[in-house]
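Please look over the sequence and the structure shown here before reading on. The report that follows begins at a hairpin and then moves on to the core, the aromatic residues and the confidence of the model.

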Amino acid sequence: MDDREIRQVAMDARTASTADLALRDSLTDLDALPPALLARAALAAADVVLLIDSDGVIADAQAGSGDITAADVAAWPGQPFVDTVTPELRGKAALLLAGEQPDRWRHINHRIEGGDLPVRYRVLPIGHEGQ
């Protein structure tokens, strides 16, 4: 690599970092949007979207595309999130809701008819307290 290529790589890395920071900053503005609207937008990129209140109870569960169906998540609203996961992962689910390492994805398994359903989650706090 010559000096010009090295400078370009460094500039590309700075640009990517700036873009990451801009995205992270824009995510803080999500509180201004209704949670239901955010859930619909998230479904375009996710297999499942859960709206979980501040007590850890699932307020809404929507299946997007992929291997997860509406029938798989139909019984989840009204239940504590940790009660929908396999017993051995309840501690991990509680840490996820507590905001431990918020930029990290967590693999959680749910019990559904026919076996376990592995899901990779990332928590994105939205709304005001209690929403």
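Strands here are DSSP runs of E with at least two residues, helices are runs of H or I with at least four residues, and both are numbered from the N terminus. Strand β3 (residues 106-112) and β4 run antiparallel and are joined by seven bridges, where two strands count as paired if DSSP finds at least two bridges between them. The hairpin has two residues between its strands, and Gly114 takes a positive phi near 100° there.

This is a predicted model, in which local features need a pLDDT of at least 70 and side-chain atom pairs count only at pLDDT 80 or more, while totals for chains, interfaces and linings use all residues. Residues are numbered from 1 along each chain as its sequence is written, and side-chain values use heavy atoms, with hydrogens and water left out.

## Overall layout and confidence

The protein has four helices and four strands, which follow the pattern α-α-β-β-α-α-β-β along the sequence. Of its 131 residues, 23% are buried, a term that means under 20% relative accessible area, with exposed meaning over 50% and partly exposed lying in between (1.4 Å probe, protein chains only). Among the contacts in the protein with a separation of 6 or more, 34% are between residues 24 or more positions apart, contact meaning heavy atoms within 4.5 Å.

The mean pLDDT of the protein is 75, and 69% of its residues reach 70 or more; pLDDT is the predictor's confidence in each residue, from 0 to 100. The pLDDT is below 50 over residues 5-21, a stretch that has two contacts in the model beyond near neighbours in sequence.

## The nonpolar core

The largest nonpolar core holds 15 residues, of which Val48, Leu50, Trp76, Phe81, Ile108 and Tyr121 touch the most other members. Such a core is a set of buried Ala, Val, Leu, Ile, Met, Phe, Trp, Tyr and Cys residues joined through side-chain atoms within 4.5 Å. At least two residues of this core come from each of β1 (48-52), β2 (58-63), α4 (90-97) and β4 (115-121), and β4 gives the most, with three residues. Not counting residues up to four places away in sequence, Trp76 touches Val48, Leu50, Ile58, Ala61, Thr84, His110, Ile112, Leu117 and Tyr121.

## Aromatic residues

Which residues form the one aromatic pair that the structure holds? The rings belong to Phe81 and Tyr121, and the pair is edge-to-face because the ring centres are 5.4 Å apart and the planes lie at 90°.

## Selected buried residues

| Residue | Relative accessibility |
|---|---|
| Phe81 | 1% |
| Tyr121 | 9% |
| Arg106 | 9% |
| Leu38 | 14% |
| Asp72 | 18% |

Arg106, which lies in strand β3, is in contact with Lys92, Leu96, Glu100, Gln101, Val119, Arg120 and Tyr121, leaving aside neighbours within four places in sequence. Asp72 is found in helix α3 and, with the neighbours within four places again left aside, is in contact with Asp67 and Ile112. The C-alpha atoms of Asp72 and Glu113 are separated by 7.6 Å, although these residues are 41 residues apart along the chain. Leu38 is part of helix α2 (residues 35-43), and Leu38 and Leu51, 13 residues apart in sequence, are 9.6 Å apart in space from C-alpha to C-alpha.

Technical notes: Phe/Tyr/Trp six-rings, centres within 6.5 Å; stacked < 30°, edge-to-face > 60°.
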